[in-house]
There are 2 protein chains.
Amino acid sequence: MCLYSRAIAMTEGAPMAAPAMTDMRRPRVVVVGCGFGGLTLIRHLRHAPVDIVLIDRCNHHVFQPLLYQVATAALSPGEIAEPSRSILRRARNVTVMLDEMIGIDRAHREVLLREGAPLAYDYLVLATGVEYDYFGHDEWAEFAPSLKTLQDATEIRRRLLLAFEHAEISTNPDEQRRLLTIVLIGGGPTGVELAGSIAELARFALRRDFRNIDPTKAHIILLEAGPHLLPGFHASLSAYAKSALERLHVDVRLKTPAEAIDETGLVAGGARIDAGIIVWCAGVRARQLSAWLEAPVTPKGTVKVGPDLSVPGAASIFVIGDAAAADTQDGRNLPQVAPVAKQQGDYVARVIGNRLAGKAPPSPFRYRDPGSLAIIGRSAAVVDFGFIRFTGLLGWLVWGFAHIFFLIDFRSRIAVFLEWAWEWLTYARGARLIVGSSRIGRHDSRA
Amino acid sequence: MCLYSRAIAMTEGAPMAAPAMTDMRRPRVVVVGCGFGGLTLIRHLRHAPVDIVLIDRCNHHVFQPLLYQVATAALSPGEIAEPSRSILRRARNVTVMLDEMIGIDRAHREVLLREGAPLAYDYLVLATGVEYDYFGHDEWAEFAPSLKTLQDATEIRRRLLLAFEHAEISTNPDEQRRLLTIVLIGGGPTGVELAGSIAELARFALRRDFRNIDPTKAHIILLEAGPHLLPGFHASLSAYAKSALERLHVDVRLKTPAEAIDETGLVAGGARIDAGIIVWCAGVRARQLSAWLEAPVTPKGTVKVGPDLSVPGAASIFVIGDAAAADTQDGRNLPQVAPVAKQQGDYVARVIGNRLAGKAPPSPFRYRDPGSLAIIGRSAAVVDFGFIRFTGLLGWLVWGFAHIFFLIDFRSRIAVFLEWAWEWLTYARGARLIVGSSRIGRHDSRA
């Protein structure tokens, strides 16, 4: 048995001190996280005189804006995810490591890893994103999963499809009614998109498939604590989203925060709702970075970065994407969306490139807002470019082209386009698989 | 909340006795299992004057002959599986229930279910298939999973991709060598197909993706206890399969049974092999049917059926497919393959149809062998039609057209064809996703 094994100086034994390393070989940029920010940064540095190590817990990049379509059985996981290794195959200065960061040793300039040896860095870019925040009620996560990873998406898909299956074999009308009550907590883009997509699943794709229940009568409830759906969008678009969802028979309840969640339902706005599935779409936080960095953070755990996106007092550590709390020129917080992460990845690549070349740093980071999009359903979306706004079919077409255009990989673009074209023509859903246990429960999930 | 809920007489309360039922409404055919046999039977009875209830633990039909391609990241689960409900949507006399049979009450002519109430039948068709048999060593299943379900396939895919990932971050050459040693136990079609497909994954698809290991040097071992690969095929095809695998650098070891399996390897033919992944492809059994039926069974648990495929002494209970032990005209056992199951499903549909119509039963079941196929890799397969045999590119083309033709659903056929065309042109693999835990271990699996 012959394994070609290059000397792996980079991960071996005690790391050398950074100055010595820089003398002996090219500086190392360690990037943690393979989302939009980390990937954009690496793409911009792939011909730079640096060695890049990408650390990620997953082996794939997920096109997060379409995750809700996996959760609602419209797309398969493989259609919106691509192995990081494949994406970066041709970037010969990049090493991908499937591992998890468990700490940062700023004194020794090392990243601590769960599996591998400590990894020395010259530049460290943290693009670790955020996770859903249950506002101090982490016990709710079991009953109301959130949607951040492919695993979350297949778990929600499993629960959703199982609820219809269990309702079909139940002989108790109250239990059937409960199982077909679907509650989405949070009226941001994820909640709106899930509500629209689930409504269409029930009203069209599943319509003729059952004998003892009528899936079109499923009760889909969208709860929003604030006074509008899609906070941050123009008021006219929020109003359009609400009426478009109501045309799909979604029960939109504004100013209705969730107060308690358990296995068979929740309390919201003072009233009990028995529910078969609850999905949490309400708020996010960045966890742990604050403790590891000893840097100033917001109450949501995001790291307050300087104008060049570096951590105050650590000029070679950068935070980008959702985990960064960067301010716009006029002092507002930047939204936690893909375009911000990509522009920040691009910017930090330039900061590092300039430093290596001995050039002056670029001017402070400025976000150019390309507009906001959210989809409600077939031929219904909202698009806000600031200077112009679309709704309806035109918004939907803009949304579709934007998403297909930005899908990372050429093959996925074709696959997703074909899948959507098929589903649009037939109202079918192509990925209605329950894989794993047929009991509802977080820890049983497999797919 | 308004749930349209038809009166569900069929699953309610105590079932009526069979004669009364037949008087009052159409006879009920209960089919357990949604494989090739069950589905074929239902398709033939979909216009018959019967009510059909299909019971299955999964919500989908899996095209099992391509399961190995999911396990080796060539196809996505959604491409070889289709929800039973969608397949049977237009069969208005069919009710699908996601449930598990836990017993048969022959005295009351009822099927006992895990979730639902006991279900009365006039005709019962058991198409429950087989599972892998560890020859009395069920503890091996944890270390050497087998390939029967979509979940098995995604679990094997996860282990396979993780082994390469862990080898990449390991700094111990012995551990890297162990992780990249892949052992397949059993030289039947599944073992041969997996070995060929894994060899191509390592040699082509992953070739350029790693920096610290060379995936093309992965050591793939195919163990067969007997003297030939593909027992049951013509000797010339067995020999061709061996040499074709060896051209892909697969280490084929005949007359080498597995003697012990543990977490880090196995003992086979008296020698220790340290291995990163072991897959069990060695033998099958039908479990539990024997105890429920009180009928004669083979040592492998398959039920000895009569010439009309009914259970001796129970003329209205039939066993078809892999779970049935039917003899050929010349006294040999029928193979456990899809064509047998389909022909038996077709046959039992005629038996039931004739009985309902008061006609004479059809002549005893006769299997018409359409030939055997197995694939080794790109442009290499074996095809045995009895009167003529193919290998190489021609065999591979026959194999490809046969499999695409028999895929259940029109859309999947196109999707699989495009995926294969793409992979054939680019050597890429489209479904290389690790979803779930990055630790290797059976109970962590999610996807």
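I take two strands as paired if DSSP finds at least two bridges between them. Helices (H or I, at least four residues) and strands (E, at least two) are DSSP runs numbered from the N terminus.

I worked on a predicted model, in which local features need pLDDT of at least 70, side-chain atom pairs count only at pLDDT 80 or more, and totals for chains, interfaces and linings use all residues. Residues are numbered from 1 along each chain as its sequence is written, chains are lettered from A and ligands numbered from 1 in the order in which they are written, and side-chain values use heavy atoms, with hydrogens and water left out.

**Sheet in chain B.** I looked up the strand order and found β13-β12-β11-β17, an open sheet of four strands with parallel pairing. Its edge strands are β13 (251–253) and β17 (277–280) of chain B, each of which pairs on one side only. The twist from one strand to the next averages 15 degrees; axes are lines fitted to C-alpha atoms, for helices over the stretch in contact, and angles run from 0 to 180 degrees between N-to-C directions.

I then checked one pair: β12 (residues 219–223) of chain B and β13(B) run parallel over three bridges. L222(B) has V252(B) as its bridge partner in β13(B).

**Helices on the sheet.** Contact means heavy atoms within 4.5 Å. Helix α6 (residues 150–169) of chain B packs on the sheet, where it touches β11 (181–185) and β17 of chain B, and its direction makes about 160 degrees with that of β17(B). Helix α8 (residues 189–205) of chain B also packs there, touching β11, β12 and β17 of chain B, at about 175 degrees to the direction of β12(B).

I found β14 (residues 258–262) and β15 (residues 265–268) of chain A paired in the antiparallel sense over four bridges.

**S238(A).** This residue lies in helix α9 (residues 235–247) of chain A. I list S238(A) as buried because its relative accessibility is 6%; buried means under 20% relative accessible area, exposed over 50%, partly exposed in between (1.4 Å probe, protein chains only). Leaving out residues up to four places away in sequence, S238(A) touches H228(A), L229(A), L230(A) and F233(A).

For C34(A), the nearest cysteine sulfur, that of C58(A), is 8.8 Å away. C34(A) is buried, at 5% relative accessibility. In chain B, the sulfur of C58(B) is 8.8 Å from that of C34(B), its closest, and therefore too far for a bond. At 31%, C58(B) is partly exposed.

Definitions and conventions:
Disulfide = S-S within 2.5 Å.
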